[in-house]
Amino acid sequence: MISYIRGELCDIEEQKAIVDVNGVGYGIYMPQQALSLLPPMGQQVKIHTYLNIREDAMQLFGFLTKEDLNVFRLLIGVNGIGPKAGLNILSCLSPDELRFAVLSGDAKAISATPGIGKKTAEKLILELKDKLSLEEAFEQKLANEQAGAAAAATGAGMTDAKQEAVEA
């Protein structure tokens, strides 16, 4: 199994990034949101991967964080959702948005993904509701917001008292 790929970003195609690792170019399928967050060409990048092996192809699917990879693994564990459909879902919804859609039973948000109908979305919600926790979603969202607030505070030159107020 290939856990991650670290190398130089060489090219970005429609749904995949090409990463050069010691002279070998790996094509890694990624969600559109992740592709837009990649560094400029020629920069080093680390992509967490899932290797899908079929009788006619070997495909690498990549994500910028382990959390995104774990959500992808949960998605493809649902009967009827393959790697391409899971990638399409994560291209339309961030892992946090998907988590909240599943926990709130919002089949309409999930079925907005191309290739995912209402019945598949409802099945996905039914199977993932017990595997995703609301506390985990809030903790992740809070951690992301705190990191963003801390970065904004240091960039804006806030005093320690203002920084403590923002964090509180």
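Student: Which residues in α4 are buried?
Tutor: Pro95, Asp96, Leu98, Arg99, Ala101 and Val102 of α4 are buried. Buried means under 20% relative accessible area, exposed is over 50%, and partly exposed is in between, using a 1.4 Å probe and protein chains only. One heads-up: this is a predicted model, where local features need pLDDT of at least 70, side-chain atom pairs count only at pLDDT 80 or more, and totals for chains, interfaces and linings use all residues. Residues are numbered from 1 along each chain as its sequence is written, and side-chain values use heavy atoms, with hydrogens and water left out.
Student: Ok, and what does α2 touch on α4?
Tutor: First, the geometry: α2 (residues 66–76) packs against α4 at about 40 degrees, with the axes 10 Å apart. Axes are lines fitted to C-alpha atoms, for helices over the stretch in contact, and angles run from 0 to 180 degrees between N-to-C directions. The touching residues are Glu67, Asp68, Val71 and Leu75 from α2, and Pro95, Asp96, Leu98 and Arg99 from α4. Contact means heavy atoms within 4.5 Å.
Student: How many of those are charged?
Tutor: The α2 contact with α4 has 4 charged residues, 4 nonpolar and no polar ones. Asp, Glu, Lys and Arg count as charged; Ala, Val, Leu, Ile, Met, Phe, Trp, Tyr, Cys and Pro as nonpolar; the others, Gly among them, as polar.
Student: New topic: where is Asp106?
Tutor: Asp106 is in the loop between α4 (95–104) and α5 (107–111). Helices here are DSSP runs of H or I with at least four residues, strands are E runs of at least two, and both are numbered from the N terminus.
Student: Why does Asp106 count as partly exposed?
Tutor: Because its relative accessible area is 32%.
Student: What does Asp106 touch?
Tutor: Leaving out residues up to four places away in sequence, Asp106 touches Ala101 and Ile125. Also, a polar atom of the Asp106 side chain lies 3.2 Å from the backbone nitrogen of Ala109.
Student: And Ser91, buried or exposed?
Tutor: Ser91 is buried, at 16% relative accessible area. Ser91 sits in helix α3 (residues 83–92). Beyond neighbours within four places in sequence, Ser91 contacts Pro31, Gln32 and Gln33.
Student: Last one: how many helices and strands are there?
Tutor: The protein has 8 helices and 5 strands, and buried residues make up 36% of its 168 residues.

Notes:
A polar contact is a pair of N or O atoms within 3.5 Å; within protein, one must be able to donate a hydrogen and the other to accept it, and residues adjacent in sequence count only if both atoms are side-chain atoms.
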